[in-house]
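Let's take a walk through this one together, with a stop at a few side chains along the way. Have a look at the structure first.

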Amino acid sequence: MRPVDTPARFSARALRARLAPVLTTLLAALLVGPLVPAAHAAGAAERAPVPAAARASWPGDTPNTTGGTDYFIDATQGSDNAVGTSRGAAWRTLAKANATTFGPGDRILLKAGEQWQDEQLWPKGSGSAGRPVTISAYGDPGARRPYIATNGKVPSPFQANGTKNPATVGLTGAIVLRNQQYWHIDNVELSNDNDFATDITTGSVVRDGIAVSVNADLLKDGEDSVMDHFRISEVYVHHIDGPSQWQRIHYGGVNFQVFGSRSYKEYGTGGYYFKDVRIENNTFENVELHAIQFAFNWFGADGTSAGQYDESGKFHEGWEQLWVRTRDLYSRDVYIGHNYAKSTGQGAIQLANTKNMTVEYNEVNGFLERYDGVSCALYLWAGADSVMQYNEVYGGPSDEYDGTPWDLEYTNFNVTYQFNYSHDNAAGWMAYMGNSHNSIARYNLSVNDNGVLVKNMLSTNYSPTYFTNNTFVYDGAELDTVHDETFLSRVYFLNNIFYNTSTTTPTPWYRRTGALRQAVFSNNDYYEAGGVHSAQEPADPRGLRADPRFTGDPAAYVTGAGVDRIRDAAAHFAPRPDSPLIDAGRYNPHLGTEDFLGTQLYYGDAPDIGIAEARTGPRVTDPVDNDPVEDETDSRVDLARGRPVTASSTHPGANGTLGAEKLTDGDPATRWAAADDAVYPITLDIGFGADTTFDEVYLDEYTDSGTNPRVRTFELQRWDAGSGHWVTFASRDTGIGHDLTVTGFGSVTSSRLRLALTGKIATERYTPTMTGIAVYRTGT
């Protein structure tokens, strides 16, 4: 293994060149299957054996302690006419095992060094608590893992009309389990492709290494719909190919999925999920779509009719899968750790519909290498109460809509990314979608993730998102932007380091006007190697513009140490004792309880800025947030807050949540919208209840990835009680957009205020939608 103090430079090509010999050595030590095994029997002689010293014995060489029966399979010396219960009377083919129903404690033992070409293993039956059914290896400790090369010989999961076939969906793995539970799979080698060198670009092809499924359509009344207890470890999966277009079915090296052909509304609640799963210490190479894919539920969730409104009135499309939460269909108690994935076709570790999940110490070396759709390296979608930590991702693509190492995805609740290390990912650092609650990204290290640091945000959230104590080291000349869209609801950036290595180009912060309008920056450090700061740099009264004085040279960041030593990479960016970032941060409960290096928070007068806390000063054992950043809002009195609003037109959709009262509720995540057939002028009248004096009006339109500002012209009018008419006191023909403050009209006193939207932008099709109107008296 490469010493951890060996430097890496800001070059993906150099990185690959440096890693190549390291990974070759590493894989030779860790893998017991060939890096590129032949697809057919002639390849057996080409696979060099692993030295006997590398292994004391296979699990199948030890006694069965569960009280079950051992069944042996030997592809060369076995016979399907044998009883199969001893080495000397082993079966020959996997078909013999497929025709057998196994019970609690039984073991299916494949002979090391043997291979089964064009075969699939689908044993029947289930184990029980404390007595799982096991698939493992026996034989010569110096031989390779037993190798199942299915070569794409699996049934199609589709019917002739292109819909999923309930009879065959999920049966696409080299190893298959369907509606079965209490299984252990370890120490096998799997592939499932007939010609990986030729990319599949057309047709319907789905292949897996290990396919584990819950098929709701095939469960009989009264049968268990929760599949419990799976262990998958020390498995080597490689060479699985598939089409480069989305087929509405996921596939990969290890693939857990829940299938149902009807609407989710037709199935019961509180079932149809996996429980108590551990996927660890596996190696994946040249697989698609994913190395590990977990619990994507495709219960007929298409179209508007499959969507639903949440408790706040926000509408979720069916594919957002809020129904997994409301119907308690989460898989749960899942651990995914210490896996290595190299050259994955799409997202390497794609997870969904799971709660109580820990994903840690996984290494992803290259992803989205052969797939033309969007994805990220390691992320959870529509999940809850889960943490992603101590993972390393590098070698990501460029020019992908997502393409980042991490993703704060749709409909997550209480999902945290912490202590992760990503480097040399051309698309950026973190995708960020929305419709989520309590999303946190803290104490992560990002080096040379040029592209977009925080990418997207396509919907408002239930609650604010926190980015705290992350360290970003990037090249401003290569970085697209810190953020590319518009933050639609509150986001807090606390105690982060933004370190720009470019000596020529200041940090580009955004590409859309108003992109950071909902972002609050506090106690961050903004370092520009060129000495010039961007005019886009966000306001941060407590921030610094100082050299962090890292322990190591930021251009010589650590690679090749492996995820088990990921803290060695982080320690490179710890502050030196003379760093101005020590005690320069701000405490907030969302910081958690420890830093990347395991130091408990915090020491001294305040937390440090960045990923590492220096043990300087006394430790604060029970920190309290006496100065909440959440309280730093406009302290002025909004004279329109809570006042009634009358609209000449209101959109009837979204379950009645687009009313004009949203304009004065003070919540930027709610909005009013005019009906599609609204006639201009569209008027919005605020009643103050009594004569009120003001000299400033704030207006804000709603936008998202598909909604642009729509207003071109408008007038502000006061109600004149004497004449009984509206009187215009201000007008604009340059639109509203975001955060427009209208002043210069002097002091106005009236009991009512009207905003008259008189015309739309010519290129816009739809009528206006706005998030807020505020009214102030500044006295100037």
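Start at H238, which sits in strand β14, spanning residues 236-240. Keep in mind that this is a predicted model.

How far can you trust the coordinates? The chain's mean pLDDT is 90, and 93% of its residues reach 70 or more. Over residues 1-53, though, the pLDDT is below 50, even if this stretch has 113 contacts in the model beyond near neighbours in sequence. Where pLDDT is low, the predicted coordinates should not be read in detail.

Now for the charged pairs. Side chains of opposite charge can pair when their charged atoms come close, and a search of the whole structure turns up 31 salt bridges. Take D627 and R586, whose closest N and O atoms are 3.5 Å apart in a salt bridge. Both lie in the loop between α4 (566-571) and β44 (645-647), so the pair ties together parts that are 41 residues apart in sequence. D627 is partly exposed at 34% relative accessible area, while R586 is buried at 4%. These two also belong to a network of salt bridges that links R542, R586, D627 and E632.

Another salt bridge joins the side chains of E696 and R636, at 3.1 Å from N to O. Here E696 is in strand β47 (residues 696-701) and R636 is in the loop between α4 and β44, 60 residues apart. E696 counts as buried at 11% relative accessibility, whereas R636, at 35%, counts as partly exposed.

Definitions and conventions:
Residues are numbered from 1 along each chain as its sequence is written. This is a predicted model: local features need pLDDT of at least 70, side-chain atom pairs count only at pLDDT 80 or more; totals for chains, interfaces and linings use all residues. Side-chain values use heavy atoms; hydrogens and water are left out. Helices (H or I, at least four residues) and strands (E, at least two) are DSSP runs, numbered from the N terminus. pLDDT is the predictor's confidence in each residue, from 0 to 100. Contact means heavy atoms within 4.5 Å. A salt bridge is a side-chain nitrogen of Lys or Arg within 4 Å of a carboxyl oxygen of Asp or Glu. Buried means under 20% relative accessible area, exposed over 50%, partly exposed in between (1.4 Å probe, protein chains only).
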